[in-house]
Amino acid sequence: PPGGPHVHVSKRNGVTTLTMNRPERFNGWTMEMMNELKAGLVRAAADDETQAVVLTGTGRYYSAGVNLGGTLAIGHPKHMHAMIVSHNQGLFDAFLDFPKPILVAANGSAIGAAVTSATLCDGIIAAEEATFSTPFAALSICPEGCSSVHFPRIMGAANAERMLGAEGWKPTAAEAREAGLIQWVVPADDLAEEAQRIAEEWIATGATRRFRDPDELDELKAVNARESIGVADSFLSAPFMQAQFKFLWGKKKRGPAMMFLGLWASRPLWSPLLRS
């Protein structure tokens with residue numbers, strides 16, 4: 001199929017569909033997945049035949065979010081920090097800067113950056129089985145994807161705190177629609193056609209991107225830049241490394257778990273280099 005091995009591309013009636021296709025890895029965002037996804041958005045933006053985009057996944061997960069084992073490269077602490085800032089900021093700027101209407105069709109569970117990036121699109125339609133989770137507090141990570149500002153706006157401060165804070169609320173599709181996080185819920189078998197119908201309706205009515213107001217766009221890009229520094233600080237913090245080690249060890253992912261254990265244990269030796 002067009003695209004790459006991780007993101008398939010199809011076109012119909014002015015709608016380009018990007019389908020994340022690593023179901024055995026829960027469509028997690030490795031570096032390869034993110035590069036293909038961003039490349040797909042760049043091509044769709046430049047393609048005159050594409051008037052709207054649908055982003056979806058295959059399998060039981062829409063996406064398990066950023067796969068740290070597939071993105072975090074060990075190196076000098078200052079270089080690691082700069083790399084995390086650059087990649088995090090670039091990921092969400094790709095959604096904010098996209099010039100055409102984009103609809104997320106969540107076929108299953110969405111976690112972390114897969115949720116926050118979806119809220120930077122123009123709408124979210126979900127299969128009934130989908131859930132939405134942003135477990136930043138549990139992982140000792142600061143909110144990202146503009147969620148510190150955007151979540152309270154779209155679903156109120158109380159619901160935003162439930163998702164972003166210590167409770168770690170993971171709403172079902174129906175609950176997410178009730179809260180204002182998403183707009184449509186349909187049976188899984190109807191998801192693809194309903195997403196296509198909505199995207200074609202947007203084209204027919206001349207819909208434009210939500211974030212076209214320069215003031216709002218500039219504000220959210222500044223929020224993204226600020227949050228990205230916080231994410232890098234979080235990723236190189238002792239609580240995060242401890243949480244990652246325990247999480248990965250519990251999942252029997254011994255190799256990645258030991259990487260974080262090593263970073264955690266050696267942190268007193270290398271952390272001063274972050275300030276040098």
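Buried means under 20% relative accessible area, exposed means over 50%, and partly exposed lies in between (1.4 Å probe, protein chains only). This is a predicted model, in which local features need pLDDT of at least 70 and side-chain atom pairs count only at pLDDT 80 or more, while totals for chains, interfaces and linings use all residues. Residues are numbered from 1 along each chain as its sequence is written, and side-chain values use heavy atoms, with hydrogens and water left out.

**Salt bridges**

At 52% relative accessibility, Lys-11 counts as exposed. Asp-47 has 16% and counts as buried. The two side chains meet in a salt bridge, 2.8 Å from N to O. The term means a side-chain nitrogen of Lys or Arg within 4 Å of a carboxyl oxygen of Asp or Glu. Lys-11 belongs to strand 1 (residues 7-12) and Asp-47 to the loop between helix 1 (31-46) and strand 3 (52-57), so the pair ties together parts that are 36 residues apart in sequence. Helices (H or I, at least four residues) and strands (E, at least two) are DSSP runs, numbered from the N terminus.

Glu-219 forms another salt bridge, with Arg-153. Glu-219 sits in helix 7 (residues 214-235) and Arg-153 in helix 4 (residues 147-164), so this pair links distant parts of the chain, 66 residues apart. Glu-219 is partly exposed at 31% relative accessibility. Arg-153 is also partly exposed, with a relative accessible area of 46%.

How many salt bridges does a search of the whole structure find? The search finds nine.

| Glu-219 | Arg-153 | 2.5 Å |

Arg-162 is partly exposed, at 31% relative accessibility. Elsewhere, Glu-194, Arg-197 and Glu-201 are linked in a network of salt bridges.

Strand 5 (residues 102-106) has five of its five residues buried, so the rest of the structure largely encloses it. Both of its faces are covered. Ile-102, Val-104 and Ala-106 are buried on one side, Leu-103 and Ala-105 on the other. In a regular strand the side chains alternate between the two faces of the sheet.

Two strands pair if DSSP finds at least two bridges between them. Strand 3 runs parallel to strand 5, joined by four bridges. Here Leu-55 stands opposite Val-104. Strand 7 (residues 123-127) also pairs with strand 5 in the parallel sense, over four bridges. Leu-103 stands opposite Gly-123 of strand 7.

**Helix 1**

Helix 1 has 16 residues, which should span 22 Å at 1.5 Å a residue. That expected span is 1.5 Å times one less than the number of residues. The end C-alpha atoms are 23 Å apart, which agrees. Its buried residues include Met-31, Met-34, Leu-37 and Leu-41. Which elements do the buried residues of helix 1 pack against? They pack against strand 1, strand 2 (15-20), strand 3, helix 2 (77-96) and strand 5. Contact means heavy atoms within 4.5 Å.

Three strands form an open sheet in the order 4-6-8, with parallel pairing. Strand 4 (61-63) and strand 8 (132-133) stand at the edges with a single partner strand each, so one side of each has no neighbour in the sheet. Strand 4 pairs with strand 6 (residues 109-111) over two bridges. Tyr-61 has Ser-109 in strand 6 as its bridge partner.
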